[in-house]
Number of protein chains: 2
Amino acid sequence: MSFLHIDSESPFSLDNLPFGVFSTKEKPYIRAGVAVGRHVIDLSALHRHGVFQGRLSDHASVFDSTSLNAFAALGRPFNQSYRLFVRNLLLADNPVLRDNEELRQDAIYDLDKVQMHLPMVIGDYTDFYAGRNHAYNVGVLFRGPENALQPNYLHLPVGYHGRASSVQISGQPVYRPNGQICPGPAPILSPCRKLDMELEIAAFICTPNPQGAPIPIQKASDHIFGFVLMNDWSARDIQAWEYVPLGPFNSKNFATTITPWVVLADAMEPFRVKAPDAPTGLLPYLTQDCNGAYDIDLTVDLRISGETHRLSRSNALHLCFSFEQMIAHHTITGCPLKTGDLFGSGTISGKEKDSLGSLLEMTLNGKEEMRLGSVSRTFLEDHDEVILNGAAGASGARVGFGPCIGRILPAKSL
Amino acid sequence: MSFLHIDSESPFSLDNLPFGVFSTKEKPYIRAGVAVGRHVIDLSALHRHGVFQGRLSDHASVFDSTSLNAFAALGRPFNQSYRLFVRNLLLADNPVLRDNEELRQDAIYDLDKVQMHLPMVIGDYTDFYAGRNHAYNVGVLFRGPENALQPNYLHLPVGYHGRASSVQISGQPVYRPNGQICPGPAPILSPCRKLDMELEIAAFICTPNPQGAPIPIQKASDHIFGFVLMNDWSARDIQAWEYVPLGPFNSKNFATTITPWVVLADAMEPFRVKAPDAPTGLLPYLTQDCNGAYDIDLTVDLRISGETHRLSRSNALHLCFSFEQMIAHHTITGCPLKTGDLFGSGTISGKEKDSLGSLLEMTLNGKEEMRLGSVSRTFLEDHDEVILNGAAGASGARVGFGPCIGRILPAKSL
């Protein structure tokens, strides 16, 4: 299909073409690119060489930015037009890039030779709680099976405002946070003893809405720029002590890791499915007349001393509220969304023991140790590396995120 | 003292000189200014006329920005130098501005003729809960006097991440939010029926800290740019239904109103006092060896059909955690703060019935009506106007914020 080699198992097939921002050793400024197979196409270079035509040329200076915000702000139809233009450029029978050696030199990089950067300037980050099995499992742990789901849970997508400044990209280390915990009669300051991960997907907002103007659910998908994988690192002992009555704060504000390549909403559209656990009888402002979920296979691996252990295999269809429902609910009060805002899905657990999205659930809050070859774990230890992966689609046409990796470094001494 | 007339009751005395960003009809671009009495000094014009000298001249292009972020990022000592330079410029015996008619024409505006704008680009907004009487009163309402304060309350400054995008300035209207409430057996979508205000002060961050590097409490004051008054509008019925288990979300994300003039931290420094209700025996990372609170008189007025009713008279010394403690706690995990981040104090209530900072407390969650002349109120009604004021210092040397005003407009029909 393409004149570039694309491995059939690559998450970055021609059907995907995710967008990101990168720099290189020789050209250390940040600009936009598209990932395909093991390559990166430099969109800023394409623009410089006059490859974009017509209205796509008029706006192509957005690719000279250090983030994708200006590109996203063009809106979803424009974003899709650029994606399809790049797709066409990569086809085996298109000579424009294929036969222009100077352009190839300037515009094609090896994926593993570029330095990725945070793709968006994130104004606000909201984390939802739409993984129904996760919410149930956590509820059972803390309140028992009778009251596992709170009364509001099946009526609205529960969420909270997260910390935008601590969002980082795959590969950046995660320092074990220090914080206030209360394991005995009085609180102490200590490195977190229950450091956890959370398997999530997340959406970026493209088109903003003005304050006071809710986004109706029928139009919510126009506001979704694209998706990334997300690990919402969580300090369970800090959380347990701090969270009443205003919710998680320090337990979530030290780091959240996302993948640097944004899979455009249109690339994920073919993988829409009906969420099997979606609540029924929702109020009209949350009632969606199309499939709201995505069939995206997700995995969690834990790398300890060079050995990789599969912890979980889950799927995004376990989210019982859609991103459209999150947008409609978030803005029903008139709350303004801005280009670059990030929506986390909440932890995505399946129903089985080997499909859970957090160590909290896998080890019943540390009560049951997991055997992993010659070692065991309840929560994360220093130097552990968590690797999330996720992709939709069949071999040869995968639409995936690339790995979301974070390695735990020891707490800094205070 | 100044060649400009400054009313002795003005919150903008020579001892204050707060910074903001404004535009005018004739020059509609946004630039930085300083408020003094009923005047605004255009800092961008001062720079254009070459008034700043030496290193103050080198950096004065920050005043051409549409926000104060670049100015704040210079750091607190620089900010203070500019404030003192402007103060000197305004003294009765300084001819530089006084006797330069062209400069005066260009650089002095009437306060009521300029259009103010949001002073900072706010990356993240955190709202704390440091008003001990408020936390106690709310605790009594929902859990009774025995368990009014949660176990963590006197050990750490409880807070949550708020919604940065919905922060607006005094004078902008507040639409009554629509939202999901549950007054009966099943939830409904309705205009909020329990719309409340919250009397707070708030701090802006100047110097950022890198991810993974906590700010020690002894250095926290270096990171405080300045202060504003804040009304953290709250939808109590939406909050009651949504807030378990992750805290307030839609109930707080429709609007938060702040004053447009930022009182620099150094201008507020003379009004430091020891908080009478400060908890003792804190962990060392929260132990502050100087006075943490501020003696700032605060009032809440409600304007109904042209008549103004005094609802409350409170004081910022009722905050039992200082902004330095909030900063030390917020970053103890390594959470990065950025220039422009906003820290709300939490609602500031006194101990008396006429010193409360929210209608929730004044009316016992709507159970006790307030008589206000010929009308009565439990929560806010459409067209009600809430006016907060706050100032420290004596007559002739007041350091205040100017009014923080928000008028309720009817909910938009969906």
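1. A residue is called buried when its relative accessible area is under 20%, and A:Thr256, with a relative accessible area of 0%, is therefore buried in this predicted model. The residue lies in strand β16 of chain A, and, if residues up to four places away in sequence are not counted, A:Thr256 touches several others, among them A:Tyr125, A:Met230, A:Asn231 and A:Asp232.

2. A:Lys252 sits in the loop between α8 (236-242) and β16 (256-258) of chain A, and because its relative accessible area is 7%, A:Lys252 counts as buried. Its side chain makes a polar contact with the side chain of A:Asp232, at 3.2 Å. Leaving aside neighbours within four places in sequence, A:Lys252 is in contact with residues including A:Tyr160, A:Glu198, A:Trp233 and A:Gln239.

3. Turning to chain B, five strands form an open sheet with antiparallel pairing, in the order β4-β3-β2-β1-β5. The edge strands of chain B, β4 (108-110) and β5 (115-117), each pair on one side only, and the twist averages 45° from one strand to the next.

4. Within that sheet, strand β1 (residues 19-23) and strand β2 (residues 31-36) of chain B run antiparallel and are joined by four bridges. B:Phe22 stands opposite B:Arg31, which is in β2(B).

Note on methods: Residues are numbered from 1 along each chain as its sequence is written. Chains are lettered from A and ligands numbered from 1 in the order in which they are written. This is a predicted model: local features need pLDDT of at least 70, side-chain atom pairs count only at pLDDT 80 or more; totals for chains, interfaces and linings use all residues. Side-chain values use heavy atoms; hydrogens and water are left out. Two strands pair if DSSP finds at least two bridges between them. Helices (H or I, at least four residues) and strands (E, at least two) are DSSP runs, numbered from the N terminus. Axes are lines fitted to C-alpha atoms, for helices over the stretch in contact, and angles run from 0 to 180 degrees between N-to-C directions. Buried means under 20% relative accessible area, exposed over 50%, partly exposed in between (1.4 Å probe, protein chains only). Contact means heavy atoms within 4.5 Å. A polar contact is a pair of N or O atoms within 3.5 Å; within protein, one must be able to donate a hydrogen and the other to accept it, and residues adjacent in sequence count only if both atoms are side-chain atoms.
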